[in-house]
Amino acid sequence: MTGEDVAELHLHGSRAVLAAVVEALRRLGLRLAEPGEFTRRAFLNGKLDLTQAEAVADLVAAETEAQRRQALRQLDGELGSLYRDWGRRLTHLLAHLEAVIDFPDEDLPPAIEDRISAETSVLVAEIDRHLADGRRGERLRDGISVAIIGPPNAGKSSLLNRIARRDAAITSPIAGTTRDIVEVAIDLAGYPVLLGDTAGLRDSEDAIEQEGLRRALRRAEEAEIRLFVFDARYPAGAQSAAAWPGPDTILVANKIDLVSTIPLCTPGERGKGAAAIGKGAQSFNRDGIRQSSFPISALTGEGIDALLAALGERVARNYRSEAPVLTRARHRHALEEAASSLSRSLTANLTELRGEDLRLALRSLGHITGTVDVEELLDVIFRDFCIGK
Ligand code: GDP
């Protein structure tokens with residue numbers, strides 16, 4: 001794997017044997033490998049490109065199945081080959097442009113510059129499409145963010161605890177106890193999910209609570225999926241969920257254990273609540289709730305599995321991908337640079353400047369894989385180009 005000769009020793013695994021062998025090897029002048037040294041050597045010997053070397057690190061750090069799969073795909077080289085393919089196409093364009101610059105009097109194919117522009121535009125579009133992936137690959141590496149929001153006392157902290165199966169957030173019957181954001185990392189159907197419990201959404205005079213609210217709102221806005229929790233007895237509380245429209249907000253009716261036995265809401269609230277959670281159900285009961293939201297009890301655990309299954313499905317749907325996905329901010333920056341150099345080349349009025357922009361774009365792409373050597377590739381292509389014969 002490193003491209004170097006290796007000797008493998010198969011030993012009895014006891015500590016004493018290992019220590020004695022390591023000591024004997026040390027006396028021969030050998031030493032233990034430093035962290036990442038094998039991967040580094042493999043890269044330096046051209047056995048791996050940089051994206052693959054990064055994938056080795058990701059594989060070591062992978063905590064869930066989806067992260068492991070993503071790292072393996074990258075280690076397989078699919079991301080690197082996508083970038084190298086763009087690099088190759090760009091090198092051809094650059095070679096043609098250099099030909100225009102260096103041999104203006106030669107018999108070059110007509111409209112060659114137009115063709116270069118057209119193909120540059122195609123490349124920009126492909127890179128832009130790759131960039132506009134909602135940061136799925138990066139999110140999968142870092143954890144997919146899910147925010148638990150809703151009115152105070154709806155049972156958000158209790159839900160988080162129930163899911164995390166440990167006391168991660170403090171629950172209390174006094175409204176407004178969760179003043180900051182409590183986050184737990186869970187493995188949801190193989191996907192790494194960061195579940196954040198946020199301060200209850202309500203107006204407050206208290207400065208600390210207001211700060212908590214501000215953070216909660218930001219966290220909720222940035223989250224990929226929101227669980228909007230409300231007390232099933234007071235479905236009017238679900239009304240404010242309307243502020244988070246779209247398929248990525250899941251309505252959760254908590255405290256369902258109290259619903260069939262203690263119908264506490266007033267008839268007025270009942271009507272409003274039913275309208276708020278949709279379907280205009282006249283009678284307020286479990287079935288009515290079920291039509292528009294997930295009925296659960298954070299206390300008894302009822303409905304939690306169904307909610308988690310639905311959440312897992314939604315995450316899996318968002319993250320299923322045939323095309324290779326960007327996994328690191330480092331790649332993103334380099335690709336953004338490449339795309340902007342390419343776009344600039346389209347508007348540059350001097351051929352020399354266009355060439356320089358293409359060269360910059362090629363260099364940016366090369367930084368990702370660490371393998372494109374501009375000069376060398378140009379030499380090869382120039383030789384094939386048969387100019388000057
Ligand atoms: P938060 O303010 O939304 O985070 O609400 P908490 O999780 O602190 O819960 C508020 C109160 O409701 C606490 O006293 C909980 O024990 C109680 N509670 C939460 N979930 C349930 C539930 O499913 N059933 C019942 N009966 N009580 C619950």
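Visitor: Before we get to the strands, when do two strands count as a pair here?
Guide: Two strands pair if DSSP finds at least two bridges between them. Keep in mind that this is a predicted model.

Visitor: Which residue in β3 does E183 stand opposite?
Guide: That's G196.

Visitor: And what sits between the strands of that hairpin?
Guide: Two residues lie between β2 and β3, and A189 takes a positive phi near 50° in this hairpin.

Visitor: Switching to the ligand. Which residues come nearest?
Guide: There are 18 residues around the ligand, and the nearest are N153, K156, S157, S158 and D257.

Visitor: Which helix gives the largest share of that shell?
Guide: Helix α8 (residues 156-164) does, with three residues.

Visitor: How does the shell split by class?
Guide: Seven residues are nonpolar, eight are polar and three are charged.

Visitor: What about N254, K255 and A298, how far are their atoms from the ligand?
Guide: N254 has a polar side-chain atom 3.1 Å from a ligand nitrogen. For K255, a polar side-chain atom is 3.0 Å from an oxygen atom of the ligand. A298 uses its backbone instead: an N or O atom there lies 2.9 Å from a ligand oxygen.

Visitor: How much of the ligand's area does the protein cover?
Guide: On its own the ligand has 580 Å² of accessible area, and the protein covers 86% of that.

Visitor: New topic: how many aromatic pairs does the structure hold?
Guide: Two. One of them is Y83 with W86, a tilted pair at 5.8 Å centre to centre with 35° between the planes.

Visitor: Where do Y83 and W86 lie?
Guide: Both are in helix α5 (residues 78-102), three residues apart, which is about one turn of the helix. Y83 and W86 are both buried.

Visitor: And what's the geometry for Y191 and Y319?
Guide: That pair is tilted too, with 6.2 Å between the centres and 50° between the planes. The pair links distant parts of the chain: Y191 belongs to strand β3 and Y319 to helix α12 (residues 304-319), 128 residues apart.

Visitor: Why does Y191 count as buried?
Guide: Because its relative accessibility is 8%, and buried means under 20%.

Visitor: Is Y319 buried or exposed?
Guide: Y319 is buried, with a relative accessible area of 7%.

Definitions and conventions: Residues are numbered from 1 along each chain as its sequence is written. This is a predicted model: local features need pLDDT of at least 70, side-chain atom pairs count only at pLDDT 80 or more; totals for chains, interfaces and linings use all residues. Side-chain values use heavy atoms; hydrogens and water are left out. A residue is near a molecule or strand if one of its heavy atoms lies within 4 Å of it. A polar contact is a pair of N or O atoms within 3.5 Å; within protein, one must be able to donate a hydrogen and the other to accept it, and residues adjacent in sequence count only if both atoms are side-chain atoms. Accessible areas come from the Shrake-Rupley method with a 1.4 Å probe; for residues, only the protein chains shown count as cover. Helices (H or I, at least four residues) and strands (E, at least two) are DSSP runs, numbered from the N terminus. Ala, Val, Leu, Ile, Met, Phe, Trp, Tyr, Cys and Pro count as nonpolar, Asp, Glu, Lys and Arg as charged, and the others, Gly among them, as polar. Rings of Phe, Tyr and Trp (its six-membered ring) pair if their centres lie within 6.5 Å; planes under 30 degrees apart count as stacked, over 60 as edge-to-face and the rest as tilted. Buried means under 20% relative accessible area, exposed over 50%, partly exposed in between (1.4 Å probe, protein chains only).
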